[in-house]
Amino acid sequence: MTTRERRLTEAFVALSDTLGKNVDALVLLGRLVHHSVALTHLDAAGVMLPNSRGSLRSAITTEHAAELTEIWQAETKQGPCIGAFTTGALVHVPDLGSQQDCWPDFAPLARESATKAPTLPLHHSGQIIGALNLLARRPTDLTVADNLLLRALADVATTTAVLT
């Protein structure tokens with residue numbers, strides 16, 4: 001088994017390992033953001049979940065810059081997480097700071113935190129339950145394999161989190 005195969009196996013076991021344990025959803029989402037960064041060329045990740053009023057809020061991040069990006073999205077109600085959560089589709093932004101036309105309030109704030117932000121909606125039983133925010137400080141392309149891996153990690157985490 002290669003090192004990458006071992007790391008992939010460890011990630012999926014960590015995300016689905018709930019038997020005999022009371023693992024809470026935030027612990028599983030923490031594992032999701034950690035493995036999303038560790039298994040790709042991304043620098044940070046976070047998960048935004050809706051509060052009781054349906055507004056997205058930062059739930060967990062790998063670092064402060066990701067948390068700030070999520071807070072700015074929540075405050076301005078603009079950004080890739082808001083888009084992914086609203087549309088249910090992947091939102092890929094090559095340069096957050098250049099999105100002034102789409103997100104006039106959010107783009108100037110985001111300019112300092114990251115250049116790239118692929119964001120995946122989190123699904124469970126056909127419903128969108130949040131968004132996985134992924135940040136890169138330098139231009140980096142996600143491969144088709146990376147996108148499939150991130151989707152699989154997110155699906156395992158959300159299914160397990162809702163079941164526990």
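Modeller: Here is a chat about the labels and the rules behind them.
Modeller: This is a predicted model, where local features need pLDDT of at least 70, side-chain atom pairs count only at pLDDT 80 or more, and totals for chains, interfaces and linings use all residues. Residues are numbered from 1 along each chain as its sequence is written, and side-chain values use heavy atoms, with hydrogens and water left out.

Biologist: What makes something a helix or a strand in the protein chain?
Modeller: Both are DSSP runs numbered from the N terminus: helices are H or I with at least four residues, strands are E with at least two. That gives 6 helices and 5 strands here, in the pattern α-α-β-β-α-α-β-α-β-β-α.

Biologist: How do you know that E1 and E5 pair?
Modeller: Two strands pair if DSSP finds at least two bridges between them. Strand E1 (residues 44–50) and strand E5 (residues 127–135) have 5 bridges, so they pass the rule, in the antiparallel sense. Ala 44, for instance, has Leu 135 in E5 as its bridge partner.

Biologist: Why are E2 and E3 called edge strands?
Modeller: The open sheet of 5 strands runs E2-E1-E5-E4-E3, with antiparallel pairing. Strand E2 (56–61) and strand E3 (91–93) each pair on one side only, and those are the edge strands. From one strand to the next, the twist averages 25°; axes are lines fitted to C-alpha atoms, for helices over the stretch in contact, and angles run from 0 to 180 degrees between N-to-C directions.

Biologist: Which strands does helix H3 lie across?
Modeller: Helix H3 (residues 64–76) lies across E1, E2 and E5, at about 175° to E2. Contact means heavy atoms within 4.5 Å.

Biologist: What makes Trp 103 and Phe 106 an edge-to-face pair?
Modeller: Rings of Phe, Tyr and Trp (its six-membered ring) pair if their centres lie within 6.5 Å; planes under 30 degrees apart are stacked, over 60 edge-to-face and the rest tilted. Trp 103 and Phe 106 sit 5.9 Å centre to centre with 75° between the planes, so they are edge-to-face.

Biologist: How do you know that the chain agrees with a compact globule?
Modeller: The radius of gyration is taken over C-alpha atoms, and the globule rule is 2.2 Å times the number of residues to the power 0.38. For 164 residues a compact globule would come near 15 Å, and the protein chain has 15 Å, so the two agree.
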